[in-house]
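I opened the model to look up a few backbone and packing details. My entries follow in the order I made them.

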Amino acid sequence: MYAKRFTSLYFGVALFLMTALSACQKDQNANTVDQKKMATVADSAIAAAPATNFLAAKGILTFDLGDTTYTFNAAEDSIAFVNLSVGDSRYFGITAINKAHTMSFAISSKGTAAADVKKGVEGSQLLLRPDAMHIKQYSLTQFTAPGDAGVIDVQQYRQDSVLAKGTFFTFLAYDDKAESPFYRVQGSFNLKLK
């Protein structure tokens with residue numbers, strides 16, 4: 001009799017655990033699908049507004065992280081100034097990747113790009129790939145107070161041959177743990193259309 005109860009209890013608990021695990025996996029798959037949909041929407045927004053997204057023909061994007069200076073040169077590397085809308089939200093920013101595809105950087109802010117605009121940083125990331133087996137990723141730390149994630153200061157925007165000129169600072173962390181150190185990243189950009 002006890003064996004029958006134990007068997008029923010065992011199968012009941014096992015069935016509950018399998019159901020719970022299945023539901024968790026479904027949620028993870030739904031999140032992955034949602035993330036892919038969001039990425040598709042963002043890509044579509046960039047493609048739909050090519051007149052507001054520009055690849056710099058000349059110019060420099062440079063920034064310091066720790067005691068290292070990183071530089072992108074638009075004559076060799078790809079540096080783009082982008083504006084996009086996702087739903088009711090507008091964003092602008094700079095994204096760059098070097099010719100060797102071993103380093104990329106991006107920084108963005110909520111709002112619309114214009115001359116003499118100073119906005120808080122909404123996102124930033126630095127990827128370093130010194131070889132095919134190793135990638136070092138720094139991303140905007142989530143452990144700053146609201147409004148303390150940095151600033152993008154656009155001093156000139158689409159004036160004569162100037163695409164965008166300004167400065168920025170933000171805070172990047174190597175991982176997303178609360179006790180991880182984060183680094184102040186300070187830089188400038190002076191990008192030309194021709």
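I looked up aspartate 160 and found it exposed, with a relative accessible area of 79%. Exposed means over 50% relative accessible area, buried under 20%, and partly exposed in between, with a 1.4 Å probe and protein chains only. Aspartate 160 lies in the loop between β9 and β10 (162-173). Its phi is near 55°, a positive value in a residue other than glycine. I noted for context that most residues other than glycine have a negative phi.

This is a predicted model, in which local features need pLDDT of at least 70 and side-chain atom pairs count only at pLDDT 80 or more, while totals for chains, interfaces and linings use all residues. Residues are numbered from 1 along each chain as its sequence is written, and side-chain values use heavy atoms, with hydrogens and water left out.

Next I checked arginine 158, which sits in strand β9 (residues 150-159). Arginine 158 also has a positive phi, near 50°. The residue is partly exposed, at a relative accessible area of 46%.

Helices (H or I, at least four residues) and strands (E, at least two) are DSSP runs, numbered from the N terminus. The order from the N terminus is α-β-β-β-β-β-β-β-β-β-β-β.

Which strands pair with β2? I found antiparallel pairing with β11 (residues 182-192) over eight bridges, and antiparallel pairing with β3 (residues 68-73) over six bridges. Two strands pair if DSSP finds at least two bridges between them. Isoleucine 60 stands opposite asparagine 190 in β11, and its bridge partner in β3 is asparagine 73. The hairpin of β2 and β3 has two residues between the strands, and glycine 66 there takes a positive phi near 65°.

I followed the side chains along β2 (residues 58-65) and saw them alternate. Gly59, Leu61, Phe63 and Leu65 point to one face and are buried.

Last, I took down the chain totals. Buried residues make up 31% of the 194 residues in the protein chain. Of the contacts (heavy atoms within 4.5 Å) between residues at least 6 apart in sequence, 50% join residues at least 24 apart. The accessible surface, from the Shrake-Rupley method with a 1.4 Å probe, comes to about 12,300 Å². Carbon and sulfur atoms hold 57% of that surface.
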